[in-house]
Amino acid sequence: MNTHSTILENASAPATTPDRILQIALAAWRQGNLVELVDQFNNQFTFTDYALGLEFKDKERLTEFLAKTRERFPDSERRDKTLSSGGEYVVSEWTLTATTTEPFLEGRLRKVPICVQGISVVQIKNGKISQWSDYYDQLKSRRQGVAALFEPWIEL
């Protein structure tokens with residue numbers, strides 16, 4: 001999954017500010033370095049995707065989920081439009097684009113674009129991510145087939 005940020009580009013910010021910690025995490029995500037991404041999380045953390053109804057508190061399971069996401073949507077790209085922060089919280093508004101392949105006429109396949117807008121609310125404690133919550137339109141993601149691809153995870 002690629003990520004892009006228009007405001008998270010402040011490389012001169014100290015590595016311990018919430019903005020910078022999120023920037024490091026998103027850069028790792030963009031580069032496909034899921035180990036580095038998950039390393040930005042505290043040992044005790046919560047990652048919640050409210051639209052899919054998923055919650056992770058284990059780094060290994062989170063890494064596995066993110067790897068499956070990359071596998072199923074290799075062309076996905078996250079673009080952060082805005083960023084605001086206060087204290088230990090950072091809020092990022094984003095747009096996620098990708099394509100999925102689905103059956104079409106007479107067994108043919110077609111590529112269907114996916115575009116989901118949402119926000120992430122990230123809490124930073126002691127220089128690490130302690131809580132990451134993603135909020136986006138559940139009905140739209142289901143219509144676009146995103147949720148169906150993660151049905152096995154939703155049962156966990």
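**Salt bridges, core and surface of a predicted model**

Glu64 and Arg61 lie three residues apart in helix H3, so about one helical turn separates them. Their side chains meet in a salt bridge, with N to O at 3.4 Å; by salt bridge I mean a side-chain nitrogen of Lys or Arg within 4 Å of a carboxyl oxygen of Asp or Glu. Helices (H or I, at least four residues) and strands (E, at least two) are DSSP runs, numbered from the N terminus.

Colleagues, a word on the basis of these values. This is a predicted model, in which local features need pLDDT of at least 70 and side-chain atom pairs count only at pLDDT 80 or more, while totals for chains, interfaces and linings use all residues. Residues are numbered from 1 along each chain as its sequence is written, and side-chain values use heavy atoms, with hydrogens and water left out.

The protein has six helices and seven strands, in the order β-α-α-β-β-α-β-β-β-β-α-α-α along the sequence. Of its 156 residues, 41% are buried; buried means under 20% relative accessible area, exposed over 50%, and partly exposed in between (1.4 Å probe, protein chains only).

I return to the salt bridges, of which the structure holds seven. Glu64 is partly exposed at 36% relative accessibility, as is Arg61 at 28%. Helix H3 also holds Lys68 and Glu71, three residues apart and thus separated by about one helical turn. Their closest N and O atoms are 3.7 Å apart in a salt bridge. Here Lys68 is partly exposed, at 28%, whereas Glu71 is exposed, at 55%.

Which residues have the most contacts inside the largest nonpolar core? They are Leu37, Phe41, Phe47, Leu62, Leu66, Ile129 and Trp132, in a core of 31 residues. Such a core is a set of buried Ala, Val, Leu, Ile, Met, Phe, Trp, Tyr and Cys residues joined through side-chain atoms within 4.5 Å. Helix H1 gives the most to this core, with six residues. Leaving aside residues up to four places away in sequence, Leu62 touches Val38, Phe41, Phe45, Phe47 and Phe56, where contact means heavy atoms within 4.5 Å.

The structure holds nine aromatic pairs; rings of Phe, Tyr and Trp (its six-membered ring) pair if their centres lie within 6.5 Å, planes under 30 degrees apart counting as stacked, over 60 as edge-to-face and the rest as tilted.
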